[in-house]
Amino acid sequence: MALLSKKDANLILDPLSDNNPITIQVLGICSALAITAELKASIVMSVSVLFVMGMGNVVISLMRNIIPSKIRIIVQLVVVATLVIIVDQVLKAFAYELSKTLSVFVGLIITNCIIMGRFEAFALANGTWRSFLDGIGNAAGYGIILVIIGFFRELLGSGTLLGYKVLGDPIAKTGLYAIGYENNGFMLLSPMALIVVGLIIWVQRSRNKDLIEEN
Amino acid sequence: MLEHVELFFKSIFIDNMVFATFLGMCSYLAVSKRVATAVGLGAAVIFVLAVTVPLNWLLDQYLLRDGALAWLGPEYADYNLGFLSFILFIATIATMVQLVEIVVEKFSPALYNSLGIFLPLIAVNCAILGGSLFMQSRDIQTLGLAFNYGLSSGIGWFLAILAIAAIREKIRYSNVPAPLRGLGITFIITGLMAIGFMSFGGMLTGGDEAAQEEVPTTAQKEKEDKISEEANENTVSFNNAIKNKN
């Protein structure tokens with residue numbers, strides 16, 4: 001890419017696969033699981049995190065030389081909380097139904113460990129542009145897992161995608177339902193989110209043997 | 001009294017922080033390799049939740065919610081500072097954690113040695129902020145109930161991390177497929193445990209309907225947000241689906 005040097009491009013590409021925040025670094029699981037029963041909620045959550053992380057990394061990176069290290073956690077929390085309040089208010093104003101579905105999990109972006117983790121590990125030590133890329137990359141890595149989980153849970157659980165009945169109508173018995181297919185309501189229940197993540201980890205680590213952990 | 005007992009068991013088993021709402025998963029996964037450390041972190045979480053939830057309840061009641069400033073005088077009754085709750089809650093939590101750390105270090109070095117290293121971790125544990133946010137969205141009525149809610153959610157979290165740590169200590173000797181080792185199998189086990197915990201949902205939803213109507217929390221339950229009810233609702237619809245099939 002002409003726009004980005006190779007090193008900068010890796011900041012975005014690494015978290016998408018081999019250094020994924022959710023499946024490898026195990027950060028930010030909390031919100032990832034609770035809201036993924038629908039694809040739409042997953043996408044909105046990913047975009048919110050993308051905004052908060054991109055902006056937050058920039059702000060922290062700009063302030064990195066003037067934050068006393070003793071109180072940096074509180075400074076970071078205040079920066080994130082401010083950004084999250086913006087997201088929350090925007091959601092409440094323009095997508096009220098969705099903000100009801102996400103409920104407290106928008107607020108919980110504040111304690112999303114990815115954000116604090118990236119502030120600590122990257123933004124406090126690097127320049128603004130690189131921090132921005134790092135934030136975007138990690139948020140995208142988080143988002144991609146959310147979208148995958150949301151896709152499978154909504155498709156298998158309610159037979160829809162973004163609300164469209166892609167598999168046919170379960171009541172009128174059209175499409176797949178005509179030949180006796182049934183929705184697996186279990187996919188909508190919260191435990192299945194954990195199991196789907198487990199399976200994603202399984203697939204990912206089978207493809208890349210370097211990621212396998214010691215027992 | 002009855003509402004206290006109900007809230008206590010509900011928060012531990014039915015609305016378990018880890019298994020029903022996935023709060024505090026990060027530290028749950030990271031610190032559950034050994035039982036001893038898991039117990040330390042679990043105890044710290046109980047402690048901090050029991051302190052911060054009542055504190056944030058007071059903040060919510062007398063500062064943040066719609067009309068909360070009425071005690072200052074009638075001209076303040078129209079203010080709604082609800083949008084500030086995230087920032088105030090997290091500030092309270094971060095300050096309390098710091099304060100508790102200093103106090104414990106001064107007065108009980110033994111306790112500090114066992115809990116101390118976990119306290120800073122807890123400031124950014126989603127379970128703590130989640131406790132306060134759920135306290136707010138579920139509209140908990142009194143200070144006593146808020147304390148009860150904090151304490152029992154903490155105990156629920158403690159139970160969960162204790163259980164997974166015990167399982168992980170044992171599973172080290174099992175022959176898990178290589179790509180699933182560590183994180184993968186932990187996720188799947190947690191999922192299975194969550195399915196197990198769902199069966200507790202029947203204690204309130206599938207039980208005696210007449211008794212449920214007497215319970216004073218039905219009105220407040222309606223106010224709960226969609227997602228927090230999801231587990232319960234789904235259990236009901238799941239139970240109904242099974243009933244229909246039979």
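## A buried asparagine in chain B

B:Asn56 has a relative accessibility of 0% and therefore counts as buried, the cut-off for that label being under 20% relative accessible area. The model in which this residue is described is a predicted one, and the values given below should be read with that in mind.

## Chain B as a whole

Of the 246 residues in chain B, 51% are buried, and B:Asn56, at 0% relative accessibility, is one of the buried residues.

Among the contacts in chain B that have a separation of 6 or more, 76% are between residues 24 or more positions apart. The accessible surface of chain B is about 11,200 Å², and carbon and sulfur atoms account for 65% of that surface.

## A loop residue with positive phi

B:Asp139 is located in the loop of chain B that runs between helix H8 (126-137) and helix H9 (143-171). Its backbone angle phi is near 60 degrees, which is a positive value in a residue other than glycine. Is B:Asp139 buried or exposed? With a relative accessibility of 15%, B:Asp139 counts as buried, because that value falls under the 20% cut-off.

## Chain A as a whole

Chain A has 9 helices and 0 strands, and its pattern, read along the sequence, is α-α-α-α-α-α-α-α-α. Taken along the principal axes, the box filled by the C-alpha atoms of chain A is roughly 65 × 45 × 40 Å.

Buried residues account for 53% of the 215 residues of chain A. When contacts between residues at least 6 apart in sequence are considered, 74% of those in chain A join residues at least 24 apart. The accessible surface of chain A is about 9,500 Å², with 66% of it belonging to carbon and sulfur atoms.

## Where a helix of chain A meets a helix of chain B

Two packed helices are described by the angle between their axes and by the distance between the axes. For helix H4 (residues 72-94) of chain A and helix H5 (residues 85-107) of chain B, the axes come within 9 Å and cross at roughly 160 degrees. This angle makes H4(A) roughly antiparallel to H5(B), because angles over 145 degrees are given that description. The crossing of the two helices, H4(A) and H5(B), is right-handed.

On the side of H4(A), the contact is made by A:Ile74, A:Leu77, A:Val78, A:Ala81, A:Thr82, A:Val84, A:Ile85 and A:Asp88, while H5(B) contributes B:Phe86, B:Ile87, B:Ile90, B:Ala94 and B:Gln98. Sorted by class, the residues in the contact of H4(A) with H5(B) are 10 nonpolar, 2 polar and 1 charged.

## One residue of that contact: A:Ile74

A:Ile74, which belongs to helix H4 of chain A, has a relative accessible area of 33% and is therefore partly exposed. Which residues does A:Ile74 touch, not counting residues up to four places away in sequence? They are B:Ala94 and B:Gln98, and both of these are listed among the residues of H5(B) that make the contact with H4(A).

Within chain A, A:Ile74 and A:Ser131 are 57 residues apart in sequence, and their C-alpha atoms are 20 Å apart in space.

Notes:
Residues are numbered from 1 along each chain as its sequence is written. Chains are lettered from A and ligands numbered from 1 in the order in which they are written. This is a predicted model: local features need pLDDT of at least 70, side-chain atom pairs count only at pLDDT 80 or more; totals for chains, interfaces and linings use all residues. Side-chain values use heavy atoms; hydrogens and water are left out. Buried means under 20% relative accessible area, exposed over 50%, partly exposed in between (1.4 Å probe, protein chains only). Contact means heavy atoms within 4.5 Å. Accessible areas come from the Shrake-Rupley method with a 1.4 Å probe; for residues, only the protein chains shown count as cover. Axes are lines fitted to C-alpha atoms, for helices over the stretch in contact, and angles run from 0 to 180 degrees between N-to-C directions. Helices (H or I, at least four residues) and strands (E, at least two) are DSSP runs, numbered from the N terminus. Angles under 35 degrees count as roughly parallel, over 145 as roughly antiparallel, 65 to 115 as roughly perpendicular and the rest as oblique. A crossing is left-handed if the near helix is turned anticlockwise from the far one by less than a right angle, and right-handed if clockwise. Ala, Val, Leu, Ile, Met, Phe, Trp, Tyr, Cys and Pro count as nonpolar, Asp, Glu, Lys and Arg as charged, and the others, Gly among them, as polar.
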